[in-house]
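Dear colleague,

Please find below the structure that I am handing over to you.

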Amino acid sequence: MLKIPGYEHGPLAEGSAYLDDPLFWPVHLGSCLRGEDAQRAAFGADWDAAVELNRRLSAAHEWPVFSLPLRSGHTIHVVYRNFEGDRGVDYLIHHPAWSAAEILAVDDGHFMGPGTAWPELLSAARQPAAEGVDDSDARLLLLFPTLGDALLPDDAAAALTAALAALTLIEEPAEVSRTLLEKQGQWAPAHWRLADGIWINDGGHSYRNPGNSFAIPESRLLEISNALNAEKRPPRPHRPSG
């Protein structure tokens, strides 16, 4: 059985076998596909098969885990948390020197996030890995529900469309990509800025907003920021929300 330090909630199991199923991806992205039109575009005629796949992913006796190592030695773990009556997907990050993993984002009815800005999402997806999930398209789609970024670059849709086209049977990946980027996660898109070397945001439900009482400690925020960003990038303009 897999172990994630500090995360002792359930029977964790390697989930990589699911990644070969094209239906896994729209199921995984389901919380970002709000509305009948979005779901129709993503699932097509495969709705019944998707429901069955979701049932297997949500089984209480086995919680699928997808691990994405980063160059820094940190690992992001995507965990299907399958408590009866409290199901969701937890996004954790851990380093061997830490006694316990930190939560980046939570994708469920009591969502917490965002956990990443778009450049960080793309950087984490493209970092090479000798173990765990090593395909950059799979890494991008696995981490996509952590996204919350009000300042998306012009080429974001192209990268997401390419990943959907490579891994799914979606007939119009560009259409679904546009929908995903418009909705992003369950939270409002956040504004990110560099503060004392740390990328932080203004999200009211984010662990990466130091203004929140539940935020990750500053030293860990710095580590996480460096781990997610393979290359330094210039500060982005900060626009107040609202």
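The lining of the largest pocket draws at least two residues from each of helix H1 (24–28), helix H2 (36–43), helix H3 (47–57), S3 and S4. Helices (H or I, at least four residues) and strands (E, at least two) are DSSP runs, numbered from the N terminus. Please note that this is a predicted model, in which local features need pLDDT of at least 70 and side-chain atom pairs count only at pLDDT 80 or more, while totals for chains, interfaces and linings use all residues. Residues are numbered from 1 along each chain as its sequence is written, and side-chain values use heavy atoms, with hydrogens and water left out.

H3 gives the largest share of that lining, 4 residues. The space in the largest pocket comes to about 410 Å³. Of its 19 lining residues, Val27, Gly30, Ser31, Asn54 and Tyr80 are the closest to the centre. A pocket is an open set of points on a 1 Å grid over the protein atoms alone where a 1.4 Å probe fits, with protein on both sides within 12 Å along at least five of seven lines; lining residues have an atom within 4 Å of a point. The volume is the space filled by probe spheres set on the points, which are joined across faces, edges and corners. By class, this lining has 8 nonpolar, 9 polar and 2 charged residues (Ala, Val, Leu, Ile, Met, Phe, Trp, Tyr, Cys and Pro count as nonpolar, Asp, Glu, Lys and Arg as charged, and the others, Gly among them, as polar).

The second largest pocket holds about 200 Å³ of space. It is lined by 15 residues, of which Ala42, Gly44, Leu169, Ile170 and Glu171 are the closest to its centre. H2 contributes the most to this lining, with 4 residues, and the classes are 8 nonpolar, 2 polar and 5 charged. Glutamate 171 is placed in the loop between helix H6 (156–167) and helix H7 (173–183). With a relative accessibility of 74%, glutamate 171 counts as exposed (exposed means over 50% relative accessible area, buried under 20% and partly exposed in between, with a 1.4 Å probe and protein chains only). In H7 itself, the buried residues are Pro173, Val176, Ser177, Thr179, Leu180 and Leu181.

Turning to the strands, S4 (residues 86–94) and S5 run antiparallel and are joined by 5 bridges (two strands pair if DSSP finds at least two bridges between them). Within this pairing, tyrosine 91 stands opposite alanine 105 in S5. Strand S5 (residues 102–107) has 5 of its 6 residues buried, so it is largely enclosed by the rest of the structure.

There are 8 aromatic pairs in the structure. In one of them, the ring centres of tryptophan 63 and phenylalanine 83 are 4.9 Å apart and the planes stand at 80°, so the pair is edge-to-face (rings of Phe, Tyr and Trp, the last by its six-membered ring, pair if their centres lie within 6.5 Å; planes under 30 degrees apart count as stacked, over 60 as edge-to-face and the rest as tilted). This pair links distant parts of the chain, as tryptophan 63 in strand S2 (residues 63–69) and phenylalanine 83 in strand S3 (residues 75–83) are 20 residues apart. Tryptophan 63 is buried at 1% relative accessibility, whereas phenylalanine 83, at 34%, is partly exposed. One aromatic cluster is formed by Tyr18, Phe24, Trp25, Phe66 and Tyr80.

Yours sincerely
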